[in-house]
Amino acid sequence: MFVDSHCHLNFPDLAANLDLHLAQMEANGVTHALCVGVDLENLPQVLALAEEHENLFASVGVHPSHDEGEEPTLERLLALSQWEKVVAIGETGLDYYWHKDQPEWQRERFRTHIRAAKQAGLPLIVHTRESAADTLLILREENAAEVGGVMHCFTESWAVAEQSLEMGFYLSFSGVVTFKSAVELKEVAKRVPLDRLLIETDAPYLAPVPFRGKLNHPALVRHVAECIADLRGVPLHEIAAASTENFFRLFKRARQG
């Protein structure tokens, strides 16, 4: 059995055929999925999915590259975190790919999310793109190790992986690890401790090989697990069992029903 630890089922391409994607999850042994919030305007859709489906969970946060709409305050994030099926704060973090000027507002927003997670007692879902040094620095300065979390869609070096692991974070691998070009990432996937490994789709993006370039959906997380099992030379059930156990250990509010 598999868990998709990060997807966006409320996005239009997936929401339009939700019943199909839920059926495909079941057919492929994907028992649960975490629907991750990226802004406050569409968060009601994320929360509704989690409320309506026992095997779906939600997180609350504003993506670092989202620069329009309501700005998340500490008070707002804490209020939203009280929802029973909200299991994490995020996704949050830094994205210097879309914001090459490295705006201070992005770093302050990240700090707000970390402080909310600590007060709410929930783990963080961290996005980092071309910003690993600052991401790690802020996590340390804000003592994010107090709650931990996951470095989502991990694509960084082993050096970044080690520092993340030292702070108690998990590493989540997406379809990127199946790409032929992801040579360094494949090495990280081989080395990460089995009890800190998660799998995800980041659907509707980053479909794994052999579906690269097509619409991604939670059922395809199985292919991520298969790739990691091959890289590590272990049976698929070992990756399935470990990543599932890790998910429910990290996201303590989630219930394995």
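The model described here is a predicted one.

## The loop residue S81

S81 has its place in the loop between α4 (74-80) and β4 (86-95). Although S81 belongs to a loop, it counts as buried, because its relative accessibility is 0% and the cut-off for a buried residue is under 20%.

The side chain of S81 is joined to the side chain of Q82 by a polar contact of 3.4 Å. When neighbours within four places in sequence are left aside, S81 is in contact with V60, V86, I89, A120, L122 and R253.

## L124 in strand β5

Strand β5 covers residues 124-129, and L124 is found in this strand. Is L124 buried or exposed? With a relative accessible area of 0%, L124 is buried.

Not counting residues up to four places away in sequence, L124 touches I89, T92, H113, I114, A117, L139, A144, V147, G148, G149, V150 and F169. As a separate matter of distance, L124 and L78 stand 46 residues apart in sequence, while their C-alpha atoms are 13 Å apart in space.

## Two residues with positive phi

E130 is found in the loop between β5 and α6 (132-141), and its phi is near 55°, a positive value in a residue other than glycine. The relative accessible area of E130 is 54%, so this residue is exposed, given that the cut-off for exposed is over 50%.

L206 is not a glycine either, yet it has a positive phi of about 60°. This residue lies in the loop between β8 and α9, and at 30% relative accessibility L206 counts as partly exposed.

## How α8 meets α9

Helix α8 spans residues 183-191 and helix α9 spans residues 221-232; the two pack with their axes 9 Å apart and at an angle of about 75°. That angle makes α8 roughly perpendicular to α9, because angles of 65 to 115 degrees are counted in this way.

Which residues of α8 and α9 meet? From α8 come K186, A189, K190 and R191, and from α9 come C227, I228, L231 and R232. Sorted by class, the contact of α8 with α9 has four nonpolar residues and four charged ones, with no polar residues.

## Helix α10

Helix α10 runs over residues 236-250, which makes 15 residues, and at 1.5 Å a residue it should span 21 Å.

The buried residues of α10 are I239, A240, A242, S243, T244, N246, F247, F248 and L250.

Conventions
Residues are numbered from 1 along each chain as its sequence is written. This is a predicted model: local features need pLDDT of at least 70, side-chain atom pairs count only at pLDDT 80 or more; totals for chains, interfaces and linings use all residues. Side-chain values use heavy atoms; hydrogens and water are left out. Helices (H or I, at least four residues) and strands (E, at least two) are DSSP runs, numbered from the N terminus. The expected span of a helix is 1.5 Å times one less than its number of residues. Buried means under 20% relative accessible area, exposed over 50%, partly exposed in between (1.4 Å probe, protein chains only). Axes are lines fitted to C-alpha atoms, for helices over the stretch in contact, and angles run from 0 to 180 degrees between N-to-C directions. Angles under 35 degrees count as roughly parallel, over 145 as roughly antiparallel, 65 to 115 as roughly perpendicular and the rest as oblique. Contact means heavy atoms within 4.5 Å. Ala, Val, Leu, Ile, Met, Phe, Trp, Tyr, Cys and Pro count as nonpolar, Asp, Glu, Lys and Arg as charged, and the others, Gly among them, as polar. A polar contact is a pair of N or O atoms within 3.5 Å; within protein, one must be able to donate a hydrogen and the other to accept it, and residues adjacent in sequence count only if both atoms are side-chain atoms.
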